[in-house]
Every structure is written in C-alpha cells, then in structure tokens.
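Biologist: I've just opened this one and want to get my bearings. Please walk me through it.

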Amino acid sequence: MSYKFTWFGHATLGIETGGYHLLVDPFFEGNPVAKVGPDEVDADFILVTHGHGDHLGDTEKIVVRTGALVISNAEIIHWLKQRGIEGHAQHLGGGHRHPFGYLKMTYALHGSPLPDGSYGGNPGGFLLTTNAGEKIYCAGDTGLFGDMRLIGDEGIDLAVIPIGDNYTMGPEDALRAVKLLRPRHVVPTHYNTWPLIRQDAKAWAERVHRETDTLVHDIQPGESLSFPLGEASER
Ligand code: NI
Ligand code: MN
C-alpha cells in the first residue's frame with residue numbers, strides 16, 4: 001500500500017490513503033505561501049490540531065462545500081457544532097478507528113484559543129496508522145517534549161514537525177525531536193510563512209542527514225511526495 005503526502009505551505013497538509021482525502025489544519029485564505037484556495041482542495045476528513053486561526057483556517061468553508069467530517073478535540077468540535085459543523089471529538093491520548101485508519105491524538109506544547117476567544121481545549125497533534133500500517137505523525141504546533149521518544153517507539157514512517165521557531169520548535173529543538181522520534185522520513189513545516197519564522201530548511205536538512213538516519217524532504221508549498229518513495233528519490 002502507499003500514501004500521498006502534500007504540503008500546502010505553513011502547517012497545512014494533505015494525506016491521501018486508501019482513497020480517502022485527509023486535510024490537516026486547512027489554512028488557505030490569508031496564507032501567503034499557499035498555491036491553491038479552499039475551493040480547490042478535496043476533503044473527506046479534516047483534522048484540526050488546535051484553535052489558532054492559522055490551523056482552524058478554512059475548515060468551515062471546506063466542510064460546507066465538501067461535507068467533510070472534522071476531527072479535533074472535544075472543545076473545538078463542540079464549538080463547531082454550535083456553528084452547524086459536524087465533527088468527531090477525540091482527546092489527547094485517545095485513538096479511534098476511522099474509515100481511513102486508526103487516528104490517535106497526541107500531546108502538544110502550545111495554546112488553543114478559538115478565533116472568537118472561546119476556550120479551545122488543549123492543543124494536540126495526530127498519529128495516524130493507515131489501514132496498510134504506515135504511521136504518520138503530524139506534531140502540530142509544539143515545543144520539544146521528551147515524550148516524543150514514546151511516540152517514536154511506535155515506529156514512525158513520516159514525521160511532520162515545525163521548525164520555524166518563535167511560536168514552535170526552532171531548528172535546534174526540531175533536530176532533537178528527530179532524534180527522539182526516529183522517523184524514516186521527516187518534512188519540516190511552520191516556517192517561511194512570514195519573516196518572523198524564516199528558516200534555512202536546506203541547512204537544517206544537512207544537519208539532520210549528518211546526525212541521524214532520517215531522510216529530510218524540504219519540499220516547497222504545493223509539492224507532494226508519494227510513499228514509499230522510489231529508490232531514485234532516496235538519499
Ligand atoms: Ni498555533
Ligand atoms: Mn501555528
């Protein structure tokens with residue numbers, strides 16, 4: 001089996017697995033690096049890590065168009081329900097078998113207020129085990145935490161982690177995160193959206209390649225990767 005991963009820029013991700021289209025933190029409108037708009041993306045499920053505007057993003061708009069089911073923490077799902085948007089509530093440490101695979105919410109060191117100031121619960125990340133058994137970890141906005149080692153113990157194929165600094169881990173801590181997570185592949189996100197989180201992903205990739213066995217894919221917004229990668233794409 002295989003899956004396709006797309007980085008839409010910032011923390012907005014697309015995952016295609018088993019015929020299902022998953023969107024993670026769909027921030028298109030107002031995202032200065034996004035190459036497509038919220039009306040151009042497919043979605044069967046929308047996974048929201050926390051309530052910040054650059055993550056909740058265009059969730060409501062995309063649900064109205066596609067009928068996608070939102071998956072997030074209970075507070076965010078409750079808030080969306082009051083606005084007429086259906087969702088599936090989970091919480092930190094809890095997993096559920098969805099049609100596309102087993103999805104567990106993970107811990108994240110961050111905040112989660114909703115756009116109108118409502119309480120958005122705890123911020124999180126997602127650990128997806130596809131129906132074919134591939135494990136994809138989307139860390140969400142987070143600082144470094146030691147329990148990434150426990151997440152790594154599950155055997156991660158692809159980790160998607162922030163490197164932008166200021167709001168999340170910066171390059172130094174993201175390198176330490178890779179050492180704890182020990183993923184086969186890593187994609188850096190949450191950088192170069194705005195000047196405040198500008199980073200040199202090439203330099204970061206070189207360091208990761210020097211110090212770990214993980215393959216870094218510093219792709220550009222709008223680019224996709226199909227896993228498993230062909231031999232030619234391997235380092
Ligand atoms: Ni945030
Ligand atoms: Mn963010």
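Biologist: Let's start with histidine 50. Which histidine side chain does it make a polar contact with?

Modeller: Histidine 52, with 3.1 Å between the two side chains. A polar contact is an N or O pair within 3.5 Å; within protein, one atom must be able to donate a hydrogen and the other to accept it, and sequence neighbours count only through side-chain atoms on both sides. Histidine 50 makes another with the side chain of threonine 49, at 2.8 Å.

Biologist: Before I go on, what sort of model is this?

Modeller: A predicted one: local features need pLDDT of at least 70, side-chain atom pairs count only at 80 or more, and totals for chains, interfaces and linings use all residues. Side-chain values use heavy atoms, leaving out hydrogens and water; residues are numbered from 1 along each chain as its sequence is written, while chains are lettered from A and ligands numbered from 1 in the order written.

Biologist: OK, is histidine 50 buried or exposed?

Modeller: Histidine 50 is buried, at 0% relative accessible area. Buried means under 20%, exposed over 50% and partly exposed in between, with a 1.4 Å probe and protein chains only. Histidine 52 is partly exposed, at 24%.

Biologist: Where in the fold does histidine 50 sit?

Modeller: In the loop between β4 (45-47) and α1. Those labels are DSSP runs numbered from the N terminus: helices are H or I with at least four residues, strands E with at least two. Setting aside residues up to four places away in sequence, histidine 50 touches several others, including Ile76, His110, Pro123 and Asp141. Touching means heavy atoms within 4.5 Å.

Biologist: Now the metals. Which residues hold the nickel ion (ligand 1)?

Modeller: His50 and His110 through NE2, His52 through ND1, and Asp141 through OD, at 2.2 to 2.3 Å. Donors here are N, O and S atoms within 2.8 Å of the metal (3.2 Å for Na, K and Ca), and sites may look incomplete because water isn't among the atoms. Along the sequence, the nickel donors are spaced H-x1-H-x57-H-x30-D.

Biologist: And which ones coordinate the manganese ion (ligand 2)?

Modeller: Asp54 (OD), His55 (NE2), Asp141 (OD) and His190 (NE2), at 2.1 to 2.2 Å. The pair links distant parts of the chain: aspartate 54 is in helix α1 and histidine 190 is in the loop between β12 (185-189) and α6 (201-211), 136 residues apart. Aspartate 54 and histidine 190 are both buried.

Biologist: What happens at the ends of α3?

Modeller: Asparagine 73 caps the N-terminal end, with a side-chain oxygen 3.1 Å from the backbone nitrogen of glutamate 75. After the helix comes glycine 84, with a positive phi near 85 degrees.

Biologist: Switching to strands: how does β1 pair with β2?

Modeller: β1 (residues 3-9) and β2 run antiparallel, joined by 6 bridges; a pair needs at least two DSSP bridges. Phenylalanine 5 has isoleucine 15 in β2 as its bridge partner. Their hairpin has 2 residues between the strands, and histidine 10 there takes a positive phi near 55 degrees. β2 also pairs with β3 (residues 20-24), antiparallel over 5 bridges. In β2 (residues 12-17), 5 of the 6 residues are buried, so the strand is largely enclosed by the rest of the structure.

Biologist: What about the 7-stranded sheet, in what order do its strands run?

Modeller: β7-β8-β9-β10-β11-β12-β13, an open sheet with mixed pairing. β7 (95-98) and β13 (215-216) are at the edges with a single partner strand each, so one side of each has no neighbour in the sheet. β10 (residues 135-138) and β11 (residues 158-162) run parallel, joined by 3 bridges, and cysteine 138 stands opposite valine 160 in β11.
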